[in-house]
Amino acid sequence: MMTDEELFENINRIELREGKERTVKSYVLRNNVISPKAERILKAYMASYGLFFEDKILSYPEVFGNENPVVIEIGFGMGDTTAEVAIRRPEYNYIGIEVFLQGFINLLDILGERSIENVKIMRFNAVDVLNHMIADGSVSGFHIFFPDPWQKKRHHKRRLMNPEFLHLLSTKLRKGGYIYMVTDWEEYAEEVLEISKDEKLLTNPFGGFAPPVTWRPVTKFEKRGMESEYTINEIWLEKL
């Protein structure tokens with residue numbers, strides 16, 4: 001069994017570094033302090049709902065105890081939407097990946113308090129997780145809701161959705177699997193639509209932006225955007 005010190009050390013290790021060149025990250029960490037409340041939540045629920053990075057391919061049946069299809073959410077924020085989607089779609093298992101400590105702890109608490117059994121979460125760099133732990137052709141869907149648009153032009157290189165990352169996602173998808181992205185930053189949405197045209201493993205069944213799905217709840221962040229008259233753009237891509 002992992003000691004408390006090992007638990008906290010593993011939670012604060014969020015990317016591979018040894019022998020790796022530094023790459024541009026799509027995130028900047030601002031707070032990495034584990035509060036007494038966070039300690040209690042980690043001790044109570046991490047063993048049941050948390051995953052740690054390991055350099056080996058995940059066995060989904062071992063992780064979830066069933067053969068249900070797996071959807072991976074990248075950057076789940078505070079996790080409220082993740083939990084609600086999992087409740088609305090119990091026929092899927094979900095793996096959530098998030099580097100921000102407050103959001104990770106918040107979702108861990110929600111999962112434990114509400115006993116949501118079809119979600120596991122990990123605090124680690126998503127690219128490392130995909131490259132080292134997720135088998136090619138094994139994922140039924142990816143959710144990417146309101147990724148940071150990095151609005152200034154000089155910061156566009158930090159955007160999560162770029163040609164290399166889109167190709168990585170496509171290699172992990174099963175045939176017929178999907179990538180579902182939602183953003184309120186129209187220029188970013190247009191950019192993703194454009195780069196998706198060059199990804200030979202994917203198709204856009206709608207030809208442009210997709211209609212809203214019924215099972216995704218409207219987030220607080222989304223409501224604020226709508227109140228500011230931002231357009232909510234949804235993108236749905238499928239593996240050929």
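Reader: In which loop is S115 found?

Author: In this predicted model, S115 draws attention through its backbone, since its phi is near 50°, a positive value in a residue other than glycine. Most residues other than glycine have a negative phi. As for its place in the chain, S115 is found in the loop between α5 (101-114) and β4 (119-122).

Reader: Is S115 buried or exposed, or does it count as partly exposed?

Author: Buried means under 20% relative accessible area and exposed means over 50%, with partly exposed in between. The relative accessibility of S115 is 46%, so the residue counts as partly exposed.

Reader: F146 also has a positive phi although it is not a glycine; what is its relative accessible area?

Author: The phi of F146 is about 55°, and the residue has its place in the loop between β5 (139-145) and α7 (163-172). With the cut-off for buried residues set at under 20%, F146 counts as buried because its relative accessible area is 15%.

Reader: How does the radius of gyration of the protein chain stand against that of a compact globule with 240 residues?

Author: The protein chain has 9 helices and 8 strands, and its C-alpha atoms fill a box of roughly 50 × 40 × 40 Å along the principal axes. Buried residues make up 50% of the 240 residues. A compact globule with 240 residues would have a radius of gyration near 18 Å, and the value for the protein chain agrees with this, being 17 Å.

Reader: How many aromatic pairs does the structure hold, and why is the pair of Y92 and Y94 called tilted?

Author: The structure holds 7 aromatic pairs. In the pair of Y92 and Y94 the ring centres are 6.4 Å apart and the planes stand at 50°, while both residues are buried. Planes under 30 degrees apart count as stacked and those over 60 as edge-to-face, so the angle of 50° between Y92 and Y94 makes the pair tilted.

Reader: Which parts does the pair of Y180 and W236 tie together, and how many residues apart in sequence are they?

Author: The rings of Y180 and W236 have their centres 5.3 Å apart and their planes at 50°, so this pair is tilted. Y180 lies in strand β6 (residues 173-183) and W236 in strand β8 (residues 233-239), so the pair ties together parts whose distance in sequence is 56 residues.

Reader: Which element gives the most to the lining of the second largest pocket?

Author: About 270 Å³ of space lies in the second largest pocket, and its lining divides into 8 nonpolar, 2 polar and 2 charged residues, including M1, D4, K43 and F52. At least two lining residues come from each of α1 (4-11), α2 (36-49) and β1 (50-51). The element that gives the most, with 4 residues, is α2.

Note on methods. Residues numbered from 1 in each chain as written. Predicted model: local features only at pLDDT ≥ 70, side-chain atom pairs only at ≥ 80, totals over all residues. Heavy atoms only, no water. 1 Å grid on protein atoms, 1.4 Å probe; cavity = no way out; pocket = protein on both sides within 12 Å on 5 of 7 lines; lining within 4 Å. Points joined across faces, edges and corners; volume = space filled by probe spheres on them. Nonpolar A, V, L, I, M, F, W, Y, C, P; charged D, E, K, R; others polar. Phe/Tyr/Trp six-rings, centres within 6.5 Å; stacked < 30°, edge-to-face > 60°. Buried < 20%, exposed > 50% of the residue type's maximum accessible area, 1.4 Å probe, protein only. Rg over C-alpha atoms; globule rule 2.2 N^0.38 Å.
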